[in-house]
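Please look over the sequence and the model shown here before reading the report.

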Amino acid sequence: MSITLGLKLDVDTLRGYREGVPALLDLFEKLGIRASIFFSMGPDNSGKAIRRVFRKGFLSKMRRTRAVSTYGLKTMLYGTLLPAPLIVDSDPSILRRAAELGHECAVHAWDHVEWQDCLDRMRIEAVRDALRRAFDAFERIAGQPARSCAAPAWKVTESSLEVQDELQLEYCSDTRGQGPFLPVLGNRRFSTPQIPSTLPTLDEILGLDGMTPEESNRRLLDGLREGINVHTFHAEMEGIGQIGLFEEFLVECKNRGVRFCTLGEIARFRSREELPLCFLETGEIPGRAGKVALQGKEWRP
């Protein structure tokens, strides 16, 4: 059985960027692994996430994942009681080091919290401005344009997909699903391939129904299937408090003969013409607060 695993690192906060990313880069070098890293380029407004307090599952997830210790108290005050600091501009050398080490670096967002909480109400001009600011900042710092992006919290709209098409990206990773596809939403076909996350994230399963860290790793390993898999992990969790657990997961994958790759490599496995057209649906995932974009059934003309 041949198993390919695309590693997708999301960087949401200043602490994740300043502490988690360097630690993960060291781990990747130790294990000889390359990943796709998606950076939140603008302000860390994590404190504004308190607006989600009445969202189903939010408080239970905060307790399960020990959010205060995972993200840090300062992070949870940014944008409210503390000013929102710029993430990548705080130390551009971290992003540059990731690129120099051969990792695929791209855009997560300009303002992660704004995208996650407000995208459904954003006009296309606001979506376009947010992505342009992120892509412009990336190119200024990295010295080359980003060729892909990954939406915070797997949130998409027709407007966000339209702007991604305008940017002529190689691919996006905004969804949860089974395999690469071209999205159909609102009776519109879009041309930018989606490389969905296929496995649950650690923060979705850790502590759920009493699941221990070791059991969480076993569930992830048992979820690997023949062919393409994509695992999303976070600088704030796997890069700091759970880095030892994450290393155990990666080592066991290597022991099982899993082939690691970037999402860009997955995108190049098949041409766009070969990809299925699939409807995008919105639904809930166990362990995650709020709804996400899901790969639905195949669209057939």
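## About the model

This is a predicted model, in which local features need pLDDT of at least 70 and side-chain atom pairs count only at pLDDT 80 or more, while totals for chains, interfaces and linings use all residues. Residues are numbered from 1 along each chain as its sequence is written, and side-chain values use heavy atoms, with hydrogens and water left out.

## Helices α6 and α7

Helix α6 (residues 124-142) and helix α7 (residues 158-166) have axes that come within 9 Å and cross at roughly 50 degrees; helices here are DSSP runs of H or I with at least four residues, numbered from the N terminus, and axes are lines fitted to C-alpha atoms over the stretch in contact, with angles from 0 to 180 degrees between N-to-C directions.

On the α6 side the contact (heavy atoms within 4.5 Å) is made by I124, V127, R128 and L131, and on the α7 side by S159, S160, E162, V163, Q164 and E166.

## Residue R176

R176 lies in the loop between β5 (171-172) and β6 (182-185), where strands are DSSP runs of E with at least two residues. R176 is buried, with a relative accessible area of 6%, and buried means under 20% relative accessible area with a 1.4 Å probe, protein chains only.

A polar atom of the R176 side chain lies 3.4 Å from the backbone oxygen of L199. The C-alpha atoms of R176 and D89, which are 87 residues apart along the chain, are separated by 30 Å.

## Residue E204

E204, found in helix α8 (residues 202-205), is buried, with a relative accessible area of 0%.

Conventions. Buried means under 20% relative accessible area, exposed over 50%, partly exposed in between (1.4 Å probe, protein chains only). A polar contact is a pair of N or O atoms within 3.5 Å; within protein, one must be able to donate a hydrogen and the other to accept it, and residues adjacent in sequence count only if both atoms are side-chain atoms.
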